[in-house]
Amino acid sequence: MSSTASSQYSKAATLGDYTRKLSMMSKPSMNIYINNHYRSKVYTTSSEVSGYVTINPQSDVWFDTIQIVLLGTSKTRIDAVNIPQATSHTFLKLTMPIPESSYPVPRVFEAGMNYTIPFTFVIPSTLTLNACNHQVANSSIQEHHIRLPPTVGSWEKDDFAPDMSRVQYVIKARVYRDEEAGGPGTKIMEAGQEIKVLPEVPEDAPLNITKNDDLYTMSKRKTLRKTILSPKSGKVTITATQPSAAMLSPDGQTITSTTVPLTLEFEPVSSDTLPPKVTGVSGKVAAVTYFSAGGINHYPNLKDWQRSFGSEGRGSYSGTTSVSTGPVGNIRWSPHLTAQARRDSGYSSETVSSSDSDHLPAGTTKKTSTSATVAPKKSKAKALPSPIYHTAQLQVPVQLPTQRRTFLPTFHSCITSRVYVLWITVSVASGGATAHLALGVPLQIGVSPSGLRLDHTELPPSFEEVQAQEEHEMAQEADAYLSPHFMNVPDVEFHRQGDALPGYADLMLGDHHRRTVAAH
């Protein structure tokens, strides 16, 4: 009994293995090959992505249509308490037109045959307005949302991206078979090839940072003391200005340096107090990634991202790395008069003079007058503010470490964004004590243009360009026709010696020369 069951089981296992092998053998082979492509290659704006799709069926495959597309998709995931929320947004879909002459007749991929279908795509400079169809606060946000975002999360080096935010560009080839009932076609074959895209990103205008923008700290103030137990010597304030953008090369391998302008101001307690000494400057950069389950209708890095929580889930992730700030150098402080000192032009005194005491009312004793002069002495003992303050300028050069990290450009899309905060810490020393002031400055990262403008596949001029060229040529012809014409008497030059007119002898001499030449 047991041997019979074992035999039946072995037959069933053998039949199952044969079925799996048969299904694997009958599965058609479909691959995508991109010309001059390698794993770390980066495509930018106006880059050409060309190649071909190969199909090697093991059995006859009936089909109706072939589709080759370049897809750009952003994906976010919110780890909610009950269930994670996953959102996908296809912001780019370029379809390669396939002419009817490229299809076999009949539309059957025959077994043992090799089929090749070429394709060509060009990375666009912008998206269509349909890519952002949700409500936004203003047109500036929509203008950012229809820019191409960079690839997020698929680089060889760390790009500070969390698992909750991804942006991918994929070339996909699909083969469909239409249903007899007229429903949607059935996908019978599919292949995909991911590429890395780093689009051109120009430098934007500086941000308008207010006190409600919690992400940044543009100014910091601290009270200085020579020692912990000593009275304060003054207050130092450091204010930063947003630096110019750091521009990536089109392949993302190098990046330009930038400089952070700092303004230092020291308000001493007394005029003889010297300003502090800047002992060091250090820096680090924080890459902040925002992601949301729904459309983002404002700039997430401005105001309070967590407080503006809506019905959809949202989150943020921050990663930091140190940056090179360069030497500080000598800092020169410049003294200035305060506004109060300029108005007063000196110190005021409330003490009653001796001449005023002679005009005191009758019956007022000397004691009373003395007591009247004592009160101002009491107020004079109160410390007056210093009439001067000191300022200094400091330029902090910053270089981002592209050797160990991948820096993506600053971007804002419908469901995910990336911004950078440059943290600059300035150390100042006053006496024996040291104070540290940290500033959080917005840093924009852009991508320089590659200069690639379809030289070998230049598109024909548009109708507007042709019409403008014809109007320009017609205007030039009309100007030439209508321009005034002048008739002048030709200039006759006389070759003579001195100012005298040629005489008869000169004419005879010239005639003799002519005859001599003719006779010769």
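A cavity is a set of points, on a 1 Å grid over the protein atoms alone, where a 1.4 Å probe fits but cannot get out; its lining residues have an atom within 4 Å of a point. The model is predicted, so local features need pLDDT of at least 70 and side-chain atom pairs count only at pLDDT 80 or more, while totals for chains, interfaces and linings use all residues. Residues are numbered from 1 along each chain as its sequence is written, and side-chain values use heavy atoms, with hydrogens and water left out.

A search of the whole structure finds three cavities of 30 Å³ or more. Volume is the space filled by probe spheres set on the points, and grid points are joined across faces, edges and corners. The largest cavity holds about 60 Å³. Its lining comprises H144, R147, L148, P149, V201, T410, F411 and H412. Four of these residues are nonpolar, three polar and one charged. Here Ala, Val, Leu, Ile, Met, Phe, Trp, Tyr, Cys and Pro count as nonpolar, Asp, Glu, Lys and Arg as charged, and the others, Gly among them, as polar.

The second largest cavity has about 40 Å³. H89, F91, L127, A131, H145, R147, P149, S413 and C414 line this space. Five are nonpolar, three polar and one charged.

Strand β5 (residues 65-78) runs antiparallel to β6, joined by ten bridges. L70 stands opposite L94 in β6.

Key:
Two strands pair if DSSP finds at least two bridges between them. Helices (H or I, at least four residues) and strands (E, at least two) are DSSP runs, numbered from the N terminus. On a 1 Å grid over the protein atoms alone, a cavity is a set of points where a 1.4 Å probe fits but cannot get out, and a pocket is an open set with protein on both sides within 12 Å along at least five of seven lines; lining residues have an atom within 4 Å of a point.
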